[in-house]
Amino acid sequence: SSIEVIYYGLDGTRFDPSSADGSKVRRALGLRPGQPVIGLVAYFYPPGDSPRLVPPHLVGKGIKGHEVVLAAIPKVVAAYPDARFVFVGKGWGPLGEAYEAQVRRLAVDSGVDRHVIFAGERSDVADTLASFDVAQQVSLCENLGGSIEALTMARPLIATRVGGLVDSVKDGRTGLLVEPEDPGGLADAIMRLLADRPLADRLAQAGREFMLQGFTVQKTCDDLDALCARLESASTPGYRPMVS
């Protein structure tokens, strides 16, 4: 049997950094021009409580890595005291709302709350991404997550080395990869991108080019059309397509 991988994509004209207004979002969030902003766009999904639904090592953990980001903040702000970490998104359902409240309490209890902005759900995702100096997708388990949006918006992206994120983020080429649940490694990657803006810009531009080549909705449709044509004429038994 064979497996065909077809990535989902997005509209590159909708996510276009040349037409986005990140300064508008910064003003709305009370952020100064030039202030280091590190952002994560993700729902607050309630931690899974059953090994039947999530891998055993992830039971009770926030899948999108919000707690990992909070743990990375002290090391970053020691070098960049005015850095701000923006969480964009809301709790997914009642349990997700309770989990978001838990993350907010953790920010206070760990003493980093003044460095964190809980921005809630926003409809202007392209503008919001444009306001970030560094974007993050630091999930503990993931498909492509929000990596394609961040990369298409030419944001320097840090992602965890899990699931499909390694397909969109090529370490050192289209972004930086870190190990999951490693706040120290995440902090180091953030500081590297804040300190080396030419590197950040190179990764950002390469990331957008990579997305426009292989992760657009047109590419998804073309690949599906080609797959259907091959299946129609295929004579090999047991061929099994998989759409990712």
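**Close-up 1. Helix H2 bends by about 35° at Ile73 in this predicted model.** The bend is the angle between axes fitted to the seven residues ending at a position and the seven starting there. A proline, Pro74, follows within four residues. H2 covers residues 66–79, and its 14 residues reach 21 Å from the first C-alpha to the last, close to the 20 Å expected at 1.5 Å a residue; the expected span is 1.5 Å times one less than the number of residues. Helices (H or I, at least four residues) and strands (E, at least two) are DSSP runs numbered from the N terminus. As the model is predicted, local features need pLDDT of at least 70 and side-chain atom pairs count only at pLDDT 80 or more, whereas totals for chains, interfaces and linings use all residues. Residues are numbered from 1 along each chain as its sequence is written, and side-chain values use heavy atoms, with hydrogens and water left out.

**Close-up 2. The buried residues of H2 include Ile73, Val76 and Val77.** Buried means under 20% relative accessible area, exposed over 50%, and partly exposed in between (1.4 Å probe, protein chains only). The packing partners of these buried residues include strand E2 (37–41), helix H3 (93–109) and helix H7 (183–195).

**Close-up 3. His115 lies in the loop between H3 and E4.** His115 is buried, at 4% relative accessible area. Beyond its neighbours within four places in sequence, His115 is in contact (heavy atoms within 4.5 Å) with residues including Ile73, Val77 and Phe85.

**Close-up 4. The structure holds zero disulfides.** A disulfide is a pair of cysteine sulfur atoms within 2.5 Å. The sulfur of Cys221 is 11 Å from its closest cysteine sulfur, in Cys228, and therefore too far for a bond. Cys221 is partly exposed at 38% relative accessibility, and Cys228 is partly exposed at 48%.
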